[in-house]
Amino acid sequence: MNAPRAARSPNEEHSIVRWLLIALAGAFALVFLLLPLVNVFAQAFSSGLGPYWKAVTNKDTGSAIRLTLLVAAISVPLNVVFGLAASWAIAKFNFRGKALLLTLIDLPFSISPVVAGLLFVLLYGVNGLFGTWLTEHHVKIIFALPGIVLATIFVTFPYVARELIPIMEAQGSEQEEAALTLGASGWQTFWMVTVPSVKWGLLYGIILCNARAMGEFGAVEVVSGHIAGQTDTLPLRVDKLYNEFDPVAPFAVATLLALLALVTLGIKLFLEWKTRDEL
């Protein structure tokens with residue numbers, strides 16, 4: 001007669017589950033993140049350094065890089081201003097419409113970027129709601145820089161605010177109330193008390209907002225017109241080169257976006273480390 005098998009201890013079962021979950025997460029990261037990233041770089045350099053350098057220094061690619069940086073330089077600061085104002089109002093004050101404002105902030109998360117781009121075309125296009133007035137006053141939004149900026153602001157709208165709201169709510173209003181009691185004005189309290197207390201969360205939100213601004217494709221593709229050398233951002237440039245069946249150029253340009261993503265990830269990890277260090 002066989003002896004009864006010893007039961008596993010709870011710690012042993014938890015250890016097995018932990019390692020299974022780690023292995024599963026690692027496998028997903030390998031298949032869906034690391035392998036595609038490695039493949040992009042492998043394809044970019046598959047024909048040597050010469051074709052790679054030619055692709056990334058192409059005139060239209062240079063224009064796409066400049067446009068991408070310009071759009072991010074405009075949209076990110078505007079979202080920072082809104083994010084600071086909205087998060088301060090929501091976290092520190094009670095007012096009518098607070099729930100509605102929170103819902104509007106989350107709206108870009110629930111709307112497809114392509115649909116968002118189409119909405120801007122329906123508003124500001126030649127046949128759109130304001131199209132006639134814009135045409136009469138020689139103002140061009142769609143298929144031009146303003147439309148790309150508007151679309152980018154829309155899709156990056158929640159990132160700064162959603163990063164700051166929980167931080168400000170957790171901190172409460174005691175520090176601001178103390179500053180006001182000591183004679184500080186509202187602006188002094190905001191710049192010298194509120195902003196320094198959320199600086200890491202603010203930087204984290206800026207990084208996420210900037211990463212999304214540089215990598216946005218759907219909404220920008222609809223409003224840009226895909227004009228080479230004029231309204232192509234880096235993601236649009238990659239798509240255009242890929243559709244032209246170029247074996248190297250789309251992957252070469254894609255490595256620029258990948259490098260931006262890796263830099264963003266490095267800064268994100270640094271900020272997380274600094275945040276944990278201060279807690």
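Author: What follows sets some values against their definitions. This is a predicted model, in which local features need pLDDT of at least 70 and side-chain atom pairs count only at pLDDT 80 or more, while totals for chains, interfaces and linings use all residues. Residues are numbered from 1 along each chain as its sequence is written, and side-chain values use heavy atoms, with hydrogens and water left out.

Reader: Why is serine 47 called partly exposed?

Author: Buried means under 20% relative accessible area, exposed over 50%, and partly exposed in between (1.4 Å probe, protein chains only). Serine 47 has 45% relative accessibility, and therefore counts as partly exposed. Its place is in the loop between helix H1 (10-44) and H2, where helices are DSSP runs of H or I with at least four residues, numbered from the N terminus.

Reader: What puts the buried residues of H2 on the same side?

Author: The buried residues of helix H2 (residues 49-56) are Tyr52, Ala55 and Val56. They cover an arc of only 90° around the axis, so they lie on the same side of H2; the arc is that of the directions from the helix axis to the C-beta atoms. On the other side of H2, Trp53 and Lys54 are exposed.

Reader: How do you know that serine 47 and proline 247 are 200 residues apart in sequence, and what is their distance in space?

Author: The numbering runs from 1 along each chain, and serine 47 and proline 247 stand 200 residues apart in that sequence, with 8.8 Å between them in space, C-alpha to C-alpha.

Note on methods
Helices (H or I, at least four residues) and strands (E, at least two) are DSSP runs, numbered from the N terminus.
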